[in-house]
Amino acid sequence: MYRIVTILVIICFADNVNGQDNYATQRERMVHTQLLGRDIYDIKTLDAMREVKRHEFVPTSIKYMAYTDGPLNIGHNQTISQPYIVAYMTQELKLKPNDRVLEIGTGSGYQAAVLAKIVDSVYTIEIVEPLGISADKRLKRLGYKNVYTRIGDGYHGWPDKAPFDAIIVTAGVKEIPPVLLDQLAEGGRMIIPVGKTLFHRNLMLVTKKNGKIKAKKRIPVAFVPFTRKNE
Ligand code: SAH
């Protein structure tokens with residue numbers, strides 16, 4: 001009996017170590033092939049992508065796909081972006097350690113976790129209540145103390161915490177919400193997918209210098225739509 005218990009304990013332990021190792025290996029491979037293998041070179045972004053356990057942010061049934069090169073379904077018709085897109089958007093923001101960042105579209109909380117590894121604080125808003133609640137619980141469980149979540153329509157930004165050094169919108173808008181431009185700090189950067197339909201959007205990099213707004217087209221992307229409370 002004693003021997004059987006010992007064997008079982010060893011098997012469980014080995015399995016656990018294997019599982020952890022497996023994810024760590026998959027994550028390292030993801031960084032090498034999907035990020036370094038493309039145009040992600042920012043050390044802070046690469047380190048954050050190496051550290052954040054993406055498999056914790058996807059439904060249990062698809063954990064085995066967490067490090068694949070594509071977006072994944074997180075329920076409620078929403079998706080967690082492809083790792084490359086998360087890294088690309090993060091890199092484009094040219095983040096500094098003291099930055100305060102606003103994210104619209106918490107989803108699983110993965111992008112917020114990646115940002116939280118780099119900056120002082122992340123404020124993130126989600127319109128779909130169950131997603132916002134589970135992301136908040138998940139981020140707390142995983143120990144992310146500098147992410148502040150809120151349920152609501154991100155169209156209005158987060159006025160009492162503005163201005164923000166950087167703003168990231170992770171749902172596709174037809175036009176850039178003007179309130180978000182107001183909530184961008186002087187010298188601030190915003191990355192946002194803009195376009196009419198799911199497959200016809202471009203990531204735009206918006207900057208504010210001496211009060212003037214400039215927007216540059218970056219790469220074509222597919223993003224779930226930005227929705228409004230009354231839609
Ligand atoms: N950043 C997320 C993925 C975002 S998917 C992650 O890392 O997992 C886009 C998210 O934006 C969805 O969860 C969607 O519900 C949310 N969203 C869409 N319109 C919104 C709005 N007006 N305000 C806040 N969140 C919104």
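A salt bridge here is a side-chain nitrogen of Lys or Arg within 4 Å of a carboxyl oxygen of Asp or Glu. By that rule, the side chains of Asp-160 and Arg-150 meet in one, at 3.8 Å from N to O. This is a predicted model, where local features need pLDDT of at least 70, side-chain atom pairs count only at pLDDT 80 or more, and totals for chains, interfaces and linings use all residues. Residues are numbered from 1 along each chain as its sequence is written, and side-chain values use heavy atoms, with hydrogens and water left out.

**Salt bridges**

- A search of the whole structure turns up 10 salt bridges.
- Asp-160 sits in the loop between β5 and β6 and Arg-150 in strand β5, so their bridge ties together parts that are 10 residues apart in sequence. (Helices, H or I with at least four residues, and strands, E with at least two, are DSSP runs numbered from the N terminus.)
- Asp-160 is exposed at 59% relative accessibility, while Arg-150 is partly exposed at 33%. (Buried means under 20% relative accessible area, exposed over 50%, and partly exposed in between, using a 1.4 Å probe and protein chains only.)
- Arg-50 pairs up with Glu-28, and their closest N and O atoms are 3.2 Å apart. Arg-50 belongs to helix α2 and Glu-28 to helix α1 (residues 2–36), so this pair ties together parts that are 22 residues apart in sequence.
- Both partners are partly exposed: Arg-50 has a relative accessible area of 27%, and Glu-28 comes in at 32%.
- Asp-69 and Arg-38 form another salt bridge, 2.7 Å from N to O. Asp-69 is in the loop between α2 and β1 and Arg-38 in the loop between α1 and α2, so the contact ties together parts that are 31 residues apart in sequence.

**Helix α2**

- Which residues of helix α2 are buried? In this helix (residues 43–51), they are Thr-45, Leu-46, Ala-48 and Met-49.
- Looking down the axis of α2, the buried residues fall within an arc of 165°, so they line one face of the helix. (The arc is that of the directions from the helix axis to the C-beta atoms.)
- Met-49 has 0% relative accessibility. Its C-alpha is 22 Å from that of Met-204, which is 155 residues away in sequence.

**Positive patch**

- Lys-94, Lys-209, Lys-212, Lys-214 and Lys-216 gather in a patch of positive charge on the surface. (Patch residues have over 30% relative accessible area and no salt bridge, with like charges joined within 9 Å.)
- Strand β9 (residues 212–221) gives the most to the patch, with three residues.
- One of the strand β9 residues is Lys-212, which is exposed with a relative accessible area of 63%.

- Most residues other than glycine have a negative phi, and most peptide bonds are trans.
- Asn-77 has a positive phi of about 60°. Asn-77 lies in the loop between β1 (72–75) and β2 (78–80) and is exposed at 72% relative accessibility.
- Lys-94, from the positive patch, also has a positive phi, near 45°. Lys-94 is in the loop between α3 (83–92) and β3 (100–104), exposed with a relative accessible area of 53%.
- A cis peptide bond joins Ala-162 and Pro-163, with omega about 0°. Pro-163 is in the loop between β5 and β6 (164–169).

Key
Patches are made of residues with over 30% relative accessible area and no salt bridge: like charges are joined within 9 Å, nonpolar side chains (Val, Leu, Ile, Met, Phe, Trp, Tyr) within 5 Å. Accessible areas come from the Shrake-Rupley method with a 1.4 Å probe; for residues, only the protein chains shown count as cover. Lys and Arg count as positive and Asp and Glu as negative; His and the chain ends are not counted. The place of a charge is taken as NZ of Lys, CZ of Arg, CG of Asp or CD of Glu.
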